2 protein chains.
Amino acid sequence: MKRAVVLLSGGLDSATVLAVARRDGFECHALSLDYGQRHRAELAAAARVAAALGAAAHKVVALDLRTIGGSALTDAAIAVPTHAAGAAAEPGIPVTYVPARNTVFLAIALGWAEVLGAADLYIGVNAVDYSGYPDCRPAFIAKFAELAALATRTGVEGGRFAVRAPLIALSKAEIVRLGASLGVDFALTVSCYQADAAGLACGECDSCRFRREGFAAAGVADPTRYRDAR
Amino acid sequence: MKRAVVLLSGGLDSATVLAVARRDGFECHALSLDYGQRHRAELAAAARVAAALGAAAHKVVALDLRTIGGSALTDAAIAVPTHAAGAAAEPGIPVTYVPARNTVFLAIALGWAEVLGAADLYIGVNAVDYSGYPDCRPAFIAKFAELAALATRTGVEGGRFAVRAPLIALSKAEIVRLGASLGVDFALTVSCYQADAAGLACGECDSCRFRREGFAAAGVADPTRYRDAR
């Protein structure tokens, strides 16, 4: 069975990606990063999701990105922005952008893929709702695949890596429908940027907002547990 | 003063690179990775070198690559190869290759550069003595710079990153001469793949061998402290 490394944050998107990789016939090796994110409940969610979706392995690599800071997700001095329901976010790149995060995550996934003999990397980036994040764009993903061929033993020996981003062009509603069709139990996932230790969501950050609107637009019941149940 | 991020392992090569970056007029922000390498004495060496060469800052980012293994440097079950003096190493990619290491290191350096507003990354890769490592080749370095422009806020806003590898085409003897000419105190550095806690070198691994031969060929006194002084 061919192996794939699947980046699994524990959120709705990456859970759906894991389900897609399984549907595509891969033995899935799920990789989570403990990078000092304030929403640490997502790591527990990742473990639940990996087990529920039959991952062959789940590893959590520790990488303390708080050392370099620069993001609301890794620097306690930068607040996570919240918006009233239906309000637009600020234009431009959000302060929740973690500098070079997807480059770092894909690089670590690439290293593990070499060790496993896997030629396929899956990542749940999305260029629609997260269009403000530079490292969620198709051109970035394509360039990383070019780099991977040059960076590795596999590439020297004539092999190539496929970097698969099956959600990149989907709306959040389409992602919800896709995940539901593949049997993802969204109740296991945590998307909130400031989820508490129990995984309860704030309901107000960008990630909560996109998620809530996605369930509504998809016509799928939203199983998210909010701190202030409304 | 323009800022640069300089990857600093604590070895001879990266110490020379830091000296080059300083000569080039940059305020140098040195970055070391505590990735679970067996030769941990190099981290203490990196701190000494950063101080001696006037780095504006020195950060050590923890990233546990032992989680994925796959290299003699990160997996205690894989031995570091040693060779008799003058003997050739095995052909191909050495088992000391850490899968995707330079991709990971440059990605983290890129993240810190974004936080600092630095547009220049320095890395001590070398395609001559380390020609067996895929991620030490000029094509890899050039491709990473292309990726960096796509991966970042800086790139979206029209900026670019320069990835500088000033040693890439030099022999070890030329690196020794360059470092010496820029005032690097090589006694502060540790190159050995299996240095002990005190920083004493084995004298037998590939890294020791290249280093020893480099000092000899350069006609520079070798200040390396070996466990078995010979």
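Of the 230 residues of chain A, what percentage count as buried? Once that is settled, please turn to Thr103(A): in which helix does Thr103(A) lie, and with which residues is Thr103(A) in contact, leaving aside its neighbours within four places in sequence?

Modeller: The model is a predicted one, and every value below is computed from it. Of the 230 residues of chain A, 53% count as buried. The chain contains seven helices and five strands, and along the sequence these follow the pattern β-α-β-α-β-α-β-α-α-β-α-α. Its radius of gyration is 17 Å, close to the 17 Å that the globule rule gives for 230 residues, so chain A is as compact as a globular protein of that length. Along the principal axes, the C-alpha trace of chain A spans about 55 × 35 × 30 Å. Among the contacts in chain A between residues at least 6 apart in sequence, 73% join residues at least 24 apart.

Let us now come to Thr103(A), which is found in helix H3 (residues 101-116) of chain A. Is this residue buried or exposed? Thr103(A) counts as buried because 28 other C-beta atoms lie within 10 Å, and the threshold for being buried is 20 or more. Leaving aside neighbours within four places in sequence, Thr103(A) is in contact with Asp135(A), and also with Ala107(B), Leu110(B), Leu147(B) and Ala151(B) of chain B. By way of a reference point, Gly10(A) is 93 residues from Thr103(A) in sequence, and the two C-alpha atoms are 19 Å apart in space.

How are the two chains placed relative to one another? In general, two copies of a chain are related by a rotation about an axis and a shift along it. Here, a rotation of 180° with 0.0 Å of shift along its axis superposes chain B on chain A, with an RMSD of 0.0 Å. This is the relation of a two-fold axis. The C-alpha of chain B nearest the axis belongs to Leu63(B), at 2.1 Å from it. Moreover, 100% of the interface residues of chain B are also interface residues in chain A, so the copies meet through the same surface.

In soluble globular proteins, nonpolar side chains tend to be buried together. The largest nonpolar core in this model has 148 residues, and those touching the most other members are Val6(A), Leu18(A), Ala109(A), Val6(B), Leu18(B) and Ala109(B). One of these, Val6(B), is in contact with residues including Val17(B), Leu18(B), Ala21(B) and Tyr122(B), its neighbours within four places in sequence being left aside.

To return to the part requested: Thr103(A) is a buried residue in helix H3 of chain A, and its contacts include Ala107(B) and Leu110(B) of chain B.

Conventions. Residues numbered from 1 in each chain as written. Chains lettered and ligands numbered in written order. Predicted model: local features only at pLDDT ≥ 70, side-chain atom pairs only at ≥ 80, totals over all residues. Helix = DSSP H or I, 4+ residues; strand = E, 2+ residues; numbered from the N terminus. Rg over C-alpha atoms; globule rule 2.2 N^0.38 Å. Buried ≥ 20, exposed ≤ 12 C-beta atoms within 10 Å, placed from the backbone. Contact = placed C-beta atoms within 7 Å. Core = buried A, V, L, I, M, F, W, Y, C linked by C-beta atoms within 7 Å. Least-squares fit on C-alpha atoms with pLDDT ≥ 70 in both.
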